[in-house]
Amino acid sequence: MSKLLEELKEYLNKRNQYEHVCTLLYWDMKTGTPKLGQAGHVEALTHFSSESFAMSTSEKLGELLDKLAEPGEFEELDDTWKFIVKHMKKDFDRNRRIPAELYTAFVQAQAESGNAWEEAKEASDFSLFAPHLQKMIDMTREITGYTDPGKEIYDALLDQYEEGMDSATIDRLFEDLKKELIPFVKAILAKQQPENKAFLQYFDPDAQKKVQDMLLDYMGFRQEAGSVGETEHPFTLSFSSKDVRVTNHYYENDPLSSIFSAIHEGGHAIFDQNVNPEYDNTVAGSCNYMGLHESQSRFYENILGRNKNFWIPIYDRLGELLPAFKEISLEDFYREINHVKNSFIRVNADEVTYCFHIILRYEMEKAIFRDQIPVEELPALWNQKMQEYLQITPANDGEGILQDMHWSDGSFGYFPSYLLGSIYDGMFLDTMREELGDVDQLLRDGKIGEITKWLNEKIHWYGSTRKPKEVISTVCGREVSAEPLIRYFKEKYAVIYGI
Ligand code: ZN
């Protein structure tokens, strides 16, 4: 190994100690720190994250990366380190161009904007948030001008969350979905909807936790490399492939929420647990592409978890853990978990109408960054699009434009990832059927392990070393297309709703 590479590894190892502590502090603050202990944790987190940030932006690191990127040195690296050096140098050079004062002002503005959003959402009053949103838009524009000079802003933003993806591709995919799904959802809604009174009762939260353990275990989540916590909003957090944590929230009157969050976060976690361990603690580890990551959580949640065959081997176990399910037939359960309805809140939407929630946000973001729509006009635009795609109008901005936190911290360009994930899933399912045979049969036989193994080998193992478009072309042998997802919806829901 070259002396320079050894030096870089040593340097990163030291920085990773700070990041490890930051991750641990964050986990503890979310899952266990008492109210009065929070301030102490914030102080420690600020200290360790400043140290880590200083090491990530130091002259020393810049020099090491510059030298390792020189042809003579670079050629000596193996493929993993070629990826790491190239990727780190790109990030380093981009971040180096942001003036320090601007970055500090942005972090400050983010915090203020987050607070204003919470207040505005609580009061359902967009005007409280509007000036902060304007500031987030302006600063995002300014920062992107430094990080991606000469690049169209919205495309640069999309690229930050799903590298290699651009609005021309997304336009094509989303237009195809719109064309096919708007009339299809209307046809579904004209049909009889399921009765769901059996779900309106008390479901013991402790028993819901046991259901979560059972589901995670069944999917292939490795307990020796993971653990579970409880938070208001479910999420997944990774230290490395050897320590991946998921959280959940248990509602007494809504067992389906924790069941499907468990499967969703479990999908994220199985991805992270199965990345090549050689990539641990580097930019090659975990997966930095939000759409690709989301494709795995949504594959488990929707493609597998909302398939009746997934439940056949374990439905009795569900009834043993939550006896109310003994009174609900598998058929009724299946109807309920695939109940298509037009609703206001994205995170509660079924898998079909979910597409419209994302397309709406994508079009809003384009209106903001391309058409320079003034922020005051955004709530009306939101409502107009809700009417166009879902034929409903929010009673207030709390259940409309203020429902998601993403824009409050400047995460513009993030939303499309969710739907890209589902689009990839349609493609993965097609390829999986070609290679593994009847996926329904595998599920019915309780052989979900074979499905997980396929995903591990084809996708998870590579972590971040292959960009999303590359994953699609390598795994599926074709260009990204919404056609398989549309076909999946049509075949599945035509049967459920008798269309
Ligand atoms: Zn997710």
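The model discussed here is predicted. Within it, phenylalanine 53 lies in helix H2, which covers residues 38–56.

## Helix H6

Helix H6 comprises the 24 residues 100–123. At 1.5 Å a residue, this helix should span 34 Å, and the distance of 35 Å between its end C-alpha atoms therefore agrees with that expectation.

The buried residues of H6 are Leu102, Phe106, Ala109, Ser113, Gly114, Ala116, Trp117 and Ala120. Helix H7, residues 126–147, is included in what covers these buried residues. After H6 comes serine 124, which has a positive phi near 50°.

## Cysteines

The structure contains 0 disulfides. Cysteine 355 is accordingly in no disulfide: the nearest cysteine sulfur belongs to cysteine 476 and is 18 Å away, whereas a disulfide requires a pair of cysteine sulfur atoms within 2.5 Å.

Cysteine 355 has a relative accessible area of 1% and is therefore buried. Cysteine 22 also counts as buried, because its relative accessibility is 13%; the cut-off for a buried residue is under 20%.

Note on methods. Residues are numbered from 1 along each chain as its sequence is written. This is a predicted model: local features need pLDDT of at least 70, side-chain atom pairs count only at pLDDT 80 or more; totals for chains, interfaces and linings use all residues. Side-chain values use heavy atoms; hydrogens and water are left out. Helices (H or I, at least four residues) and strands (E, at least two) are DSSP runs, numbered from the N terminus. The expected span of a helix is 1.5 Å times one less than its number of residues. Buried means under 20% relative accessible area, exposed over 50%, partly exposed in between (1.4 Å probe, protein chains only). Contact means heavy atoms within 4.5 Å.
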